[in-house]
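Welcome! Please take a moment to look over the sequence and the 3D view before reading on.

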Amino acid sequence: MIVELGHYALVLAFALTLIQSVVPVWGAVRENERLMAVAPPVSIAMFFLVLLSFTALTIAYLNSDFSVQNVWENSHSAKPLVYKITGVWGNHEGSLLLWALILVFFGALVGYFGTNLPAPLRAATLGVQGWVTAGFLLFMLSTSNPFNRIPNPPAEGNDLNPLLQDIGLAIHPPLLYVGYVGFSITFSFAVAALILGRIDAAWARWVRPWTLLAWCFLTLGISMGSYWAYYELGWGGWWFWDPVENASFMPWLAGTALLHSAIVMEKRDALKVWTILLAIFTFSLSLLGTFLVRSGVLTSVHAFATDPARGVFILVLLCLFIGGSLSLFAWRAPLLKQGGLFAPISREGALVFNNLFLTAACAAVLVGTLYPLALDAVTGEKISVGPPFFNLTFGPLMIPLLMAVPYGPILAWKRGDLLAASQRLYAAFGLSILLTLFTFWLWGMEKVLAPLGVGLAVWVMAGAVAEIVTRVKLTEVGLARGFARLKGLPGSAWGTATAHFGIGVTALGIVASSAFQEEKVLTMAPGDTVNVSGYAVTFDGAAPRQGPNYIEDVGHFTVRQAGVVIAELDPSKRLYPARQMPTTEAGIHTLILSQIYVSLGEPRDTGAIDVRIYYKPLITLIWIGTLFMALGAVFSMADRRLRVGAPKPAARRKAVPQAAPAE
Amino acid sequence: MLLWILIAAMTAAASLAILVPLSRRRTADQQTPTPAADEAVYRQQLDEIDRDLERGLIDRTAADAARTEIARRLLAANERREAEAPRHQSTVSLRTGQALAILALPAFALGLYIFLGSPNLPDQPLSARLEAPTENQTVEELVARVERHLADNPEDGQGWAVIAPVYMSLGNPQASARAYANVIRLLGPTVERVTDMGEAMTMANDGIVSASARSAFERAVGMDPTAVKPRFFLALALGQEGKTDEAIAAWETLLEGADPREPWVPVARAELERLGGTPPTLAETLRGPSREDMDAAAQMSAEDRQAMIAGMVEGLAARLQSEGGSPAEWQRLVRAYAVMGEPDKAHAALRQARDAFGTDQAALGQINATARELGLTVP
């Protein structure tokens, strides 16, 4: 009964989305208060219905109810509890249900907390969110229904793809989805603004917390995925420019540009075209990613469904949403009057520069991802666009951008003074030169470019600190008063500085780990010792071991530094017999910020084994940096000026005029 | 039923989510202040400029310029609000909305659900399915249940003995062979167990008698030199190995005095012929009506024929009572009573047959199958 209840909840939610798509939007256009008032309660009802549906499916998984086709295809009664739960979204239908759940979740958030929004904007936004939700629910109900039943169920299920039986995969997709799908709400805001013809500075302020929220989760989701690839795929790399990774990275680049562009729109009523288009493109890129992953165009871990009918459906959805929103944009373009004017050297100018480079980088990634697919479709020729392409296109675009990052927050609005700004950055500049020289002195002529990379990363980090220091005039007012002023800084200032600092940290991790890593690929017999960057790694032997649903060969390694044992590593190669799939588990030892990474290759008959050993200096900074970025987003969201209204209309109305306390 | 009640409740809640805001009359005071919302944003921006100026983040001229700009936006927002006349609220669209909520929503949702869903199919959690009474379970579920039990108690020989023939009939001879090996390990070897294991191994090997299967059959023959089944497979093995003469000899010994109704006999004869031997003519060992009896019956009147058949059935019954007989003979007796329209006697015969084969599962299975086929209740 629970399963059928979940199924009905999904159908009823679909029926509600159809009403939500029409009634509030009509009300917003006709300015009919009561029709508009339908949107918030319906958005909340939809959320509860889809949540019920998701819960019902989860219960079916927990109970191994193989009368549900989806459970039978993707679960097994002997699977550990945590993978029974994660198995819910570890497949095509279930992950779509998670998609839909997050869509309606964001709708419900706007419905519940969006009391500071003008009624027409809120109603139209929820209506547009309803369109997107309707499209996805229709997709599910017609081609990928997770509640299809088997009347005479088999006694045992087919089990989950072993690569997905990992705790990283329990966290990575939900985080990524919250980010990915979260941009749907900024899309809805943009389309609603286009429908209503009201695109102004206030709109940008209202959209900002939602963009930040989605961006924060997307950052964490990508970062998690990267770390998972690093320890699970066994090649020591953390980013592969794989089409599926790119599919999540493109919305991130566009979303980052959107975030910055919206600031200009909020403060100066300028860059409206940029902001609206970026809002549309960010979500379109999320949809494109979904299309690439779900249509069977790509083959990878993520490609659950390889059913052409599904691909065509998503393609139609994609065309409808992108085409529809762009037509709307073309219709409303005359309304997008340019607001404030500004000189090229100014905060606005710096943010336009940022937009240009981020979108160019995004376009480079898009070309690199789609070109092989297009070529294959047109000529049948198969090529693969690998890291060299991206390193040559994406890399050079990032260098000027990183150089400019510290200037952005320091330049004045409207008309900036480059010289004055540079003066504020003297210290940061000096520090970065110093560290460049220091790195150069350490490594000599061996690595010429790497010290420059280190210098660039330090420049970004020091620039972020310099921004905060100059903001509070720490050098002029002294420590005591300066500290008090630090506390008084608005959250968004802290957010900017923290996120920019995080960019520098990640950049430092990337430069250091790729330029100074030491890699040893060799065949080791038991007892052999190899020296990697001053650490002696001894191979003690390998032994087979039986896991719950896999067999593995485990190698045992001892890491010594100056004769003292500092770590023991047990990397392994696993084979999941149910699906005849091998996986590798790297042995990783973290030394504060650097890591020793050992991965097993093929065993030899003599008892020896192929081994890859890496010393990766400062590699953890890559992921620590992303944590700083996400934290920056949290600081910005916590800014009380952005705080979305609590759902108490009566109290709120009085609060608004005083909502600007002296900070 | 509960499902439909909950469905109705959910639908009602969804309709209310539309109806309540539609019918709530808002006073002017409660209206969400549209232009006021953006005015509030601009006011905050003005305050921000004051703070930035106070901190020295911008100089006075920049602050003044920004203030002018924001003030202009604030004025525009204010004018927009003033200009906005309260619109006439169309009741037509309200009525449409209410109709959607009351009629279209439930009709659409229910219709689509009945088209897509399976409201009559209950949940079937695996644990509940495995705990359900045995009669209601499918063979697969029973197997899963025994497998679960054996996974927890791998030393339970009886369990393996139950599941081994089931695997065989489900077409999984590999699993059956493994199960028989466990039975022999735990309960000790008997002719039947060893032979059945060899048979399962042979089936798993696409009918080719492997060396290990062969040694199993030899072991069975060692325990009982008269056992037919292992000798059958050994003869087969000889033929497969190309030892034609030995194979012919083995088949001939096997067919000596065999009951032609045994299922293996035609196979053995065919095999013998294929190898170039001459199958012996076999005596009718199962006593039944002779050709003369049949011809006589054909020429008799209906009553007489009935009497003759009844007489023969009574003869069979008497013989089975005193001497006992094969499952096939008991089945024939039960069938005869049932056809003659004497269910009481059929049941009585059935009971006797079951008593006679008290522990022989295979024979009981055959007899029960006949009983079911005839619609007799198996006690």
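## Before you start

This is a predicted model, in which local features need pLDDT of at least 70 and side-chain atom pairs count only at pLDDT 80 or more, while totals for chains, interfaces and linings use all residues. Residues are numbered from 1 along each chain as its sequence is written, chains are lettered from A and ligands numbered from 1 in the order in which they are written, and side-chain values use heavy atoms, with hydrogens and water left out.

## Nonpolar cores

A nonpolar core is a set of buried Ala, Val, Leu, Ile, Met, Phe, Trp, Tyr and Cys residues joined through side-chain atoms within 4.5 Å. Buried means under 20% relative accessible area, exposed means over 50%, and partly exposed lies in between (1.4 Å probe, protein chains only). The largest such core has 173 residues, and the members that touch the most others are Leu16(A), Trp99(A), Phe189(A), Trp203(A), Leu253(A) and Ile18(B).

Take Trp99(A) as an example: leaving aside residues up to four places away in sequence, Trp99(A) is in contact (heavy atoms within 4.5 Å) with Phe136(A), Tyr177(A), Tyr180(A), Val181(A), Phe283(A), Leu287(A) and Thr290(A). There is also a second, separate core of 26 residues, including Val405(A) and Leu456(A).

## Where the chains meet

Chain B brings 65 residues to the contact and chain A brings 76 residues. Between them they bury about 6300 Å², with 59% of that area coming from carbon and sulfur atoms; buried area is the accessible area (1.4 Å probe) that two parts lose on being put together, summed over both.

The two chains share 18 residue pairs in polar contact, both residues being at pLDDT 80 or more. A polar contact is a pair of N or O atoms within 3.5 Å; within protein, one must be able to donate a hydrogen and the other to accept it, and residues adjacent in sequence count only if both atoms are side-chain atoms. The side of chain B that touches chain A has 32 nonpolar, 14 polar and 19 charged residues. In this grouping Ala, Val, Leu, Ile, Met, Phe, Trp, Tyr, Cys and Pro count as nonpolar, Asp, Glu, Lys and Arg as charged, and the others, Gly among them, as polar.

## Salt bridges

A salt bridge is a side-chain nitrogen of Lys or Arg within 4 Å of a carboxyl oxygen of Asp or Glu. The whole structure has 26 of these salt bridges over all chains, and three salt bridges run between chain B and chain A. One joins Arg205(A) to Glu48(B), with the closest N and O atoms 3.1 Å apart.

In chain B, Asp196(B) and Lys229(B) meet in a salt bridge at 3.0 Å, N to O. This pair links helix 9 (residues 191-204) with helix 11 (residues 228-240), 33 residues apart; helices (H or I, at least four residues) and strands (E, at least two) are DSSP runs, numbered from the N terminus. Lys229(B) is partly exposed at 35% relative accessibility.

## Two positive phi angles

Ser533(A) has a phi near 45 degrees, a positive value in a residue other than glycine. Ser533(A) sits in the loop between strand 2 (529-532) and strand 3 (535-546) of chain A and is partly exposed, at 31% relative accessibility.

Asp206(B) has a positive phi too, near 55 degrees. Its place is the loop between helix 9 and helix 10 of chain B, and Asp206(B) counts as exposed at 71% relative accessibility.
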